[in-house]
Amino acid sequence: MIMRAFLLLSLAAPAGAAEILSIDVTHEDGRYFMRSETWFDAPRAGVFDVLTDYERFDRISSIYEDSRFEPPAEDGTTRVYTTVKGCVLFFCQTMSRTERLEADGLGFIRATTEEGSSDFDYSVAIWELSEKDGGTLVVYAVEMEPAFWVPPLIGPYVMKRKLRKGGEDAIVRIEALARESTADSSVFASRGLAGFEAQQ
């Protein structure tokens, strides 16, 4: 989840028009809290498509060693699995997780880590997508507690700086892929997200 935050919250390079409006990172009682607002020059349906296309996360960044849809939960909720590998300063970590993926229209995505199947004791991430100025505003918030040891030097300041510097290429790719997306009802249905395209 940390590396996903690096990817999704970083400022776009000049090759794209995306703009990060704010980033906030705090740490309290072993948990990290992150929130950002980012604007993409791309349609909301396209951004939603890219953010939920777990079978092709390798298009975003090579740090994704594995990403896929898992069999749904007993109640029908979509489940996804990812493995990422990344480094902050001298600290490198491979992180795997299985999450329940829920959405509401094209404006809301929530990923909740399943207990016992992740390198995080707790993690809930929320994306809120809204149309703004001809593009898409993405408000991203995550609360997470790593199950592995994190060096004390990697605090909120270092993480915030990494967020700004460490994912430019990925953000440009997200925007470019969102512009090119031709997502339709069959795409969303194949992910267990049928009906959400109706609110484009």
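Predicted model: local features only at pLDDT ≥ 70, side-chain atom pairs only at ≥ 80, totals over all residues.
The structure contains seven aromatic pairs. One of them joins Y54 and F69, with 5.9 Å from centre to centre and 70° between the planes, an edge-to-face arrangement. Y54 belongs to the loop between α2 (44-51) and β3 (64-70), while F69 is in strand β3; the pair therefore ties together parts that are 15 residues apart in sequence. Y54 and F69 are also members of a cluster linked by ring pairs, together with F57 and Y64.

## F91 and W149

A pair of aromatic rings is described by two quantities, the distance of the centres and the angle of the planes. For F91 and W149 the centres are 6.4 Å apart and the planes are at 85°, so this pair is edge-to-face. F91 is part of strand β5 (residues 91-104), and W149 is in the loop between β8 and α3 (156-165), so the pair ties together parts that are 58 residues apart in sequence.

Are these two residues buried or exposed? F91 has 15% relative accessibility and counts as buried. W149, with a relative accessible area of 61%, is exposed.

## Strand β8 and its neighbours

Strand β8 covers residues 135-146, and nine of its twelve residues are buried. Strand β2 (residues 31-40) runs antiparallel to β8 and is joined to it by nine bridges. In this pairing, F40 stands opposite T136.

Strand β7 (residues 120-132) also runs antiparallel to β8, and twelve bridges join the two. Here I126 is opposite A141. β7 and β8 make a hairpin that has two residues between the strands. D133, in the turn, has a positive phi of about 50°.

## The nonpolar core

The largest nonpolar core has 51 residues. Which of them touch the most other members? They are F40, V47, F48, W127 and L129.

L129 shows which parts meet at one of these residues. Neighbours within four places in sequence left aside, L129 is in contact with R44, V47, F48, L51, L106, G107, I109, T136, L137 and V138. Among these contacts, V47 and F48 are themselves on the list of core residues that touch the most other members. T136, another contact of L129, is the residue that stands opposite F40.

## A charge over a ring

R31 lies over the face of Y122, at 3.9 Å from the ring centre.

Key. Residues numbered from 1 in each chain as written. Heavy atoms only, no water. Core = buried A, V, L, I, M, F, W, Y, C linked by side-chain atoms within 4.5 Å. Buried < 20%, exposed > 50% of the residue type's maximum accessible area, 1.4 Å probe, protein only. Contact = heavy atoms within 4.5 Å. Helix = DSSP H or I, 4+ residues; strand = E, 2+ residues; numbered from the N terminus. Pairing = 2+ DSSP bridges. Phe/Tyr/Trp six-rings, centres within 6.5 Å; stacked < 30°, edge-to-face > 60°. Lys NZ or Arg CZ within 6 Å of the ring centre and 35° of its normal.
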